[in-house]
Amino acid sequence: MPRTSPSSATASPAASSRELPALGGLCAIHQPNIFPRLSTLAKLFAADTWIALDDVQFTHRDYQHRARLADLDDPARQRWLTIPTRLPSGRSTLIRDALIDDPVLARRRTEGLLRQHYGNSPHWPALAQALDPVLGAFATERTADVAETSTRLLLDLLGWRGQILTSSDLPARPGRSQRLADLAAATGARTYLCGTGGMTYLDPAPFEAQDIAVLPFRPPATGIWSTGRRVSALWALAALGPQAVAARCRALAAAPDHAGGLTRPLP
């Protein structure tokens, strides 16, 4: 799968819409997730740039290679979709180097589960067409390529016009928070959009040193967002349709307070 860098284009309309964002844009950094949760997708939608964190250690039993699919008619009924993955370098294998175990079988099972869960949705024809490149990415035999493609295609469905970069293409110093700050700075962004999990460990000092504001992203816990931190965004897209979900994400991105969405930094 083509990878986005400051000097290369991709086949994605979102990724190729512009070069690096203008100074002052919002940057989100997140590992490639297969069919990401609604909360993750909404965070990326709110950003101008998504940096796919592809050069950190792969973690089994995480969203890098699996997603919870909620039943179309009863979202309380859920099932894991998992891409069986092997690690050539053992536990130290980076996300970008993790390999799909039997890509042909994994693709067939993925396609079958998606159709089983969402084939009866009136929005399925549009979803199925958009998901074709995801199924095609299994041919790369790399789990990260399938995950990144799945996220990119869902963002495209929502009409996102931001840019996707990969962390391995950008300069950054070691250290958890220092690295994130350097990656954000490399895009020209002046604001780092951080999820609730990241806020528990983030050290703001490296960001302050580069004059980058840290902006928490807090989705609400009601309506379609009630399962947004657990269930793949595919359920909302199949139940409501891409346009309705896009409208919810736009409203969330514009939220000015702690009730849900962005907590705008003080001037």
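Let me start with Asn 33, which touches Thr 40, Tyr 63, Gln 64, Ala 147, Ser 150 and Thr 151, once residues up to four places away in sequence are left out of the count. Please keep in mind throughout that what we have here is a predicted model. Asn 33 sits in the loop between S1 and H1, and because its relative accessible area is 4%, against a limit of 20% for buried residues, Asn 33 counts as buried.

That loop also holds Phe 35, whose phi is near 40 degrees, a positive value in a residue other than glycine. As a reminder, most residues other than glycine have a negative phi. Phe 35 is buried as well, with a relative accessible area of 1%.

Where does Phe 35 stand in the largest nonpolar core? That core has 56 residues, and Phe 35 is one of those that touch the most other members, the others being Leu 114, Tyr 118, Val 146, Leu 158, Leu 193 and Leu 234. The element that gives the most to this core is helix H1, residues 38–46, with six residues. There is also a second, separate core, of 16 residues, which includes Ile 51, Ala 189, Cys 194 and Phe 207.

Tyr 118 is placed in helix H2, residues 103–118, and is buried, with a relative accessible area of 1%. Beyond four places in sequence, Tyr 118 touches Leu 69, Ala 70, Leu 72, Trp 124, Leu 234, Trp 235 and Ala 238. Its C-alpha is separated by 9.4 Å from that of Asp 73, which is 45 residues away along the chain. As for Leu 158, if we set aside neighbours within four places in sequence, its contacts are Leu 41, Phe 45, Leu 237, Pro 242, Val 245, Ala 246 and Cys 249.

Let me turn to helix H4, residues 143–157, whose 15 residues reach 21 Å from the first C-alpha to the last, close to the 21 Å expected at 1.5 Å a residue. Is H4 mostly covered or mostly exposed? It is mostly covered, in that 13 of its 15 residues are buried. Just after H4 comes Gly 159, with a positive phi of about 80 degrees.

Next, the largest pocket, whose volume is about 710 Å³. Which residues lie nearest its centre? They are Ile 29, His 30, Lys 43, Gly 198 and Tyr 201, out of a lining of 27 residues. Two or more lining residues come from each of strand S1 (26–30), H1, helix H5 (176–186) and strand S8 (191–194). Sorted by class, the lining has 10 nonpolar, 11 polar and six charged residues.

I will finish with two aspartates. Asp 48 lies in the loop between H1 and strand S2 (49–52), and at 23% relative accessibility it counts as partly exposed. Asp 48 and Leu 26 are 22 residues apart in sequence, and their C-alpha atoms are 5.1 Å apart in space. Asp 211, in the loop between helix H6 (205–209) and strand S9 (213–218), has a phi near 60 degrees, a positive value in a residue other than glycine. Is Asp 211 buried or exposed? Asp 211 counts as exposed, because its relative accessibility is 60% and the limit for that class is over 50%.

How values were computed: Residues are numbered from 1 along each chain as its sequence is written. This is a predicted model: local features need pLDDT of at least 70, side-chain atom pairs count only at pLDDT 80 or more; totals for chains, interfaces and linings use all residues. Side-chain values use heavy atoms; hydrogens and water are left out. Helices (H or I, at least four residues) and strands (E, at least two) are DSSP runs, numbered from the N terminus. The expected span of a helix is 1.5 Å times one less than its number of residues. Buried means under 20% relative accessible area, exposed over 50%, partly exposed in between (1.4 Å probe, protein chains only). A nonpolar core is a set of buried Ala, Val, Leu, Ile, Met, Phe, Trp, Tyr and Cys residues joined through side-chain atoms within 4.5 Å. Contact means heavy atoms within 4.5 Å. On a 1 Å grid over the protein atoms alone, a cavity is a set of points where a 1.4 Å probe fits but cannot get out, and a pocket is an open set with protein on both sides within 12 Å along at least five of seven lines; lining residues have an atom within 4 Å of a point. Grid points are joined across faces, edges and corners, and a volume is the space filled by probe spheres set on the points. Ala, Val, Leu, Ile, Met, Phe, Trp, Tyr, Cys and Pro count as nonpolar, Asp, Glu, Lys and Arg as charged, and the others, Gly among them, as polar.
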